[in-house]
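Here is a short briefing for a reader new to this structure. Have the sequence and the 3D view open as you read.

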Amino acid sequence: MALIVQKYGGTSVGNPERIKNVAKRVAKFHAQGHQTVVVLSAMSGETNRLIALAKEISGSPSPRELDVVVSTGEQVTIGLLCMALEEVGVPARSYTGGQVRILTDSSFTKARILDIDGDNMRRDLDAGRVVVVAGFQGVDAEGNITTLGRGGSDTTGVALAAALKADECQIYTDVDGVYTTDPRIVPEARKLDTITFEEMLEMASLGSKVLQIRSVEFAGKYKVKLRVLSSFQEEGEGTLITVEEDKNMEQPIISGIAFNRDEAKLTVLGVPDKPGIAYQILGPVADANVDVDMIIQNVGHDGTTDFSFTVNRSDYDKTVKILQDVQAHVGAREIKGDRTMAKVSIVGVGMRSHPGVASRMFRTLAEEGINIQMISTSEIKISVAIDEKYLELAVRVLHRAFGLDQAAA
């Protein structure tokens, strides 16, 4: 008998028939004697519909009120799943984030979890009930409804597993595991049996949409056993995300290719080259809760520097306004922007013991005439910013160049 947290994404609960199928799957675990906590997303498309409704009322809705609106999607699915479980003879109880008391900070639309009260859930589990929790949401210290950002149900699932010291957290989605890259772009992409938290963290941060990055951070921090599975297949082990690579096996150099279409580049030209200038530019950007990704600073012969960085495309207009406000303050000559960027990254712990990975990546892109505009590296990843129109070509040629289309030995 184990304590298992299962999270089901929007496509898994996309209509009443699929919700009934989830209920049957959960009922099997319950029948085997497992204590089961289920975390649900809203039905697929529902969050977008609710955001669109809000935008029809207001061009820039209050983040607090937007969270009140979009959090209702999960409230629908948890109630429906509990009804479906009761129909098949499984006692169940639903909880919103506030009812569990998933305590978050007050950063509306992208709140962070601070604490979880597991007492109510444990009482229900001990009484033989399945506990069904709304993903993606919590409450702040004042009782305001907050949401965790897109994909936040993954984070809810892992955080509950950590709080309850669950034996395993299973993330059910519309894919049957983590792949070497997106199979829609590269049909030869392979499912990975295992991947390290370190690699998965990079993949998630670089645009892989299988898991939200904060869920991987949580899982790695609290050593939560994490598995990605398909909710549409009865069989299969999915992909297990492990603490560290298997030392007894030859580690592939690269485990996967990640990418992100939603990049935008901003350049502040002709800034005086003096200490503190980077902070003067990026400080106000950070204060506006905008995440900065890749950064390049080029020093010219005339004592000025050009400062470039990338942000998510959705933050482009906001960041341009911030830079226009600081332009005179820092003495910049001009601000330029490009919202048609994309980022492609190769990820793998095997890089540590294989020199020449970067040169192979750059040569492969050069042979296809793909210009690299920015480069960022870490111990287990290399990312490049390129023109968005070359994104799919870059992913395909890199996947082939590093042998990811070949079955593991």
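Is R101 buried, partly exposed or exposed? R101 is partly exposed, because its relative accessible area is 36%. Here buried means under 20% relative accessible area, exposed means over 50%, and partly exposed lies in between (1.4 Å probe, protein chains only).

This is a predicted model: local features need pLDDT of at least 70, side-chain atom pairs count only at pLDDT 80 or more, and totals for chains, interfaces and linings use all residues. Residues are numbered from 1 along each chain as its sequence is written, and side-chain values use heavy atoms, with hydrogens and water left out.

**Positive phi in loops**

- Most residues other than glycine have a negative phi.
- R101 is not a glycine, yet its phi is positive, near 70°.
- R101 sits in the loop between helix 5 (97-100) and strand 4 (102-104).
- Helices (H or I, at least four residues) and strands (E, at least two) are DSSP runs, numbered from the N terminus.
- T109 also has a positive phi, of about 75°, although it is not a glycine.
- T109 lies in the loop between strand 4 and strand 5 (113-116).
- T109 is partly exposed, because its relative accessible area is 29%.

**T72 in helix 4**

- T72 belongs to helix 4 (residues 72-87).
- A polar atom of the T72 side chain lies 2.7 Å from the backbone oxygen of V69.
- T72 is partly exposed, because its relative accessible area is 34%.
- Along the chain, T72 and A23 are 49 residues apart, and their C-alpha atoms are separated by 21 Å.

How values were computed:
A polar contact is a pair of N or O atoms within 3.5 Å; within protein, one must be able to donate a hydrogen and the other to accept it, and residues adjacent in sequence count only if both atoms are side-chain atoms.
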